Amino acid sequence: MATARPAVQDRARPLDVSTRLGNWLRRIPPAAWGVGFLLLILPAFANDFILVQVFGWSLILGMIALSLMFLAGYGGMVSLVQMTVAGCAGYMLAIFGTSAIASISLGWPWWLAVLTAILIATLFGTLSGALAVRTAGIYTIMITLAIAAAFFYFTRQNYTIFNGFSGFNGVRPPVVLGVDWRQPTPFYYLTLVCAALSYAAVLYVSRSPFGLALQGTRDNPRRMAALGFNVTAHRIAAYTFASVFAAVAGILLVWLNSQISPGTAGIGPVIDVLVIAVVGGLGSPIGPFIGAIIYVVLRTFALDALVAVGLDGARFQLLIGLGFLAIVFFSPDGVLGLWERARNRWRHRQDVMRIGEETR
Amino acid sequence: MATSVAERLHAASTASALELRGVTRMFGALAALTDVTLSVRPGERRALLGSNGAGKTTLFNCITGDFPPTSGTIRFFGEDITGFPPHERIRRGLRRTYQISLLFAGLSVLDNVYLACRGVSRARFSLLRPRRDDTLVQTADDLVEAVHLSAVKNQKVAELAHGQQRQLEIALALAGAPRFILFDEPAAGLSPAERRELIAILTGLPEHIGYIIIEHDMDVALRVVESVAIMHNGRIFKEGPPEEIENDPEVQELYLGGGHG
């Protein structure tokens, strides 16, 4: 491709809204229409388990990995704290809202508890970012991992607020507008809408002044400062933005499991989110969702598959690890990279064939 | 206290565009700059010459704050900017180009210039995409035209020729309302035709914009400036108008390598 896709369009006559919407819709590839349509009609043929435990969980993990993808892909900052931000939101919802632990939960109305939880978790993500942004590379990973580990051990040992080892159970989605959101189909649609909105937001913001400047700080922080940008402030703001949808995903995660405990945001899940984002691909916001569905499918069915071939089912983590190794080995830019290379090869072959026919 | 508006306006109008006093920069035990004192009038255009390792680029880095001086003060239009971070200096109208192009290779030419325009204006954190008729987009478009890059404005910077990248370097430094620009070897690696184009761009700058230019090519350097400073071993060695410097025996001995005249 000779031309980059510019955020800044050529100076042109202002178009009326309908034409612009038409142009915008035309740019969506047919594959995206197909996937969107399938996801919308999924409840018509999938059972409750597939709907919630496979797709619901994938979409939620995808949102958390998307939060990491935004920071790592556009900002060059590998943050391991995004799962902890989600965990923080989940805990805050259990503490301010309603749970089975009535001695701690404050029982606020659901909307107030949800808003408070998202706000506090976003603040937590921002503060973690403020600590991490002055470092680079491996040191960013270490600092964010340290924050994640500290959060895990703190929630496990603190009983007055976080209820220690057992955490909170009985945290359920509310009944709103006559719909019981804990039922599989409504809950599936809730996660689908949240995930789609997060995806669209990242896609849109990546070409906004803020997103462009973030990519600038990734490629060339020194030049960005020499253009008048405050690189540190920009990076912290990126953490804030990314933490919002990690927090929303945290709320959905608690509702999915109807419980939260220290293990929800333990070191294992923290690493899993990194694995998901890398396996899917950090180059595009769709990558984390692809990685999440691969992870969930492996996680859900690896045990059965191992037992079926006569191996110990407890070794399912091994299968996940091997899958991760294979993908990273063959494609450092994840499944997305594999897909793009395959497509380019196919297109190249088409071109060669066409040229061959033309010259004949 | 000289803080009334009138007094500050007066200070700004009579002050030098750039005033360095006793600027020293150490790298460990090595003195890259020693006691550099320099004063440039608003709108003045000056060449900074000197052999490799004389401290020219280090001086630029101290002025823009890429790294601060070890001691000494730097004033920009009367304001002490010694302790300012780079972005604060840029927002006050200081600009620079880099010896080795520091561009955003993955973005288009227009996006590069748009970022530069955005950096010195408001709404740097805007989450809204620019509209087609955004004034900043039009400003960026005009700047691209000013450095003769309109034909390639939608191409990725990585795909540009070396000379075009040097022109884009200059466009980034011209964004917003520059008051003073530091050019670090803008002609490096340019063909004779591209050099002529560069001279046209430099001499075509508005009169109120002063600059310091580091340039080894005398044909370029002495044609676009009214004064020259020679650096040697981290010090300002000699200052004067081009013809005086050219004919100075000490300078010829030092910089032009003896038997040049």
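**Note on a predicted two-chain model**

1. Start with strand S8 of chain B, residues 210-214. Five of its five residues are buried, so S8(B) is largely enclosed by the rest of the structure. Keep in mind that this is a predicted model.

2. Which residues cover the two faces of S8(B)? On one side sit B:Gly210, B:Ile212 and B:Ile214. On the other sit B:Tyr211 and B:Ile213. All of them are buried.

3. Now look at the partners of S8(B). Strand S3 of chain B, residues 45-49, runs parallel to S8(B), and four bridges join the two. Here B:Ala47 stands opposite B:Ile213. Strand S7 of chain B, residues 180-184, also pairs with S8(B) in the parallel sense, over five bridges. In S7(B), B:Ile181 stands opposite B:Tyr211 of S8(B). As background, strands of a sheet pair through backbone hydrogen bonds, either parallel or antiparallel.

4. Chain B also has an open sheet of four strands. Its order is S2-S1-S4-S5, and the pairing is antiparallel. Which strands form the edges? They are S2 (30-40) and S5 (79-80) of chain B, and each pairs on one side only.

5. Inside that sheet, follow S1 and S4 of chain B. S1(B) covers residues 18-27 and S4(B) covers residues 71-76. They run antiparallel and are joined by five bridges. One pair to find is B:Leu18 opposite B:Phe76 in S4(B).

6. A helix lies over this sheet. Helix H2 of chain B, residues 56-64, lies across S1, S2 and S4 of chain B. H2(B) runs at about 65° to S2(B).

7. Turn to chain A for a helix pair. The axes of H12(A), residues 287-308, and H13(A), residues 316-330, come within 8 Å and cross at roughly 120°. The two helices are therefore oblique to each other. The crossing is right-handed.

8. What meets what between these helices? H12(A) brings A:Leu298, A:Arg299, A:Ala302, A:Leu303 and A:Leu306. H13(A) brings A:Phe316, A:Leu319, A:Ile320 and A:Gly323. The contact residues divide into seven nonpolar, one polar and one charged.

9. Finally, see where the chains meet. The contact takes 39 residues from chain B and 30 residues from chain A. On the chain B side, helices H3 (86-91), H4 (109-119) and H5 (135-146) each supply at least two residues. H4(B) gives the largest share, seven residues. The chain B side divides into 19 nonpolar, nine polar and 11 charged residues.

Terms used:
Residues numbered from 1 in each chain as written. Chains lettered and ligands numbered in written order. Predicted model: local features only at pLDDT ≥ 70, side-chain atom pairs only at ≥ 80, totals over all residues. Axes fitted to C-alpha atoms, helices over the stretch in contact; angles between N-to-C directions. Parallel < 35°, antiparallel > 145°, perpendicular 65-115°, else oblique. Left-handed = near helix turned anticlockwise from the far one by under 90°. Contact = placed C-beta atoms within 7 Å. Nonpolar A, V, L, I, M, F, W, Y, C, P; charged D, E, K, R; others polar. Buried ≥ 20, exposed ≤ 12 C-beta atoms within 10 Å, placed from the backbone. Pairing = 2+ DSSP bridges.
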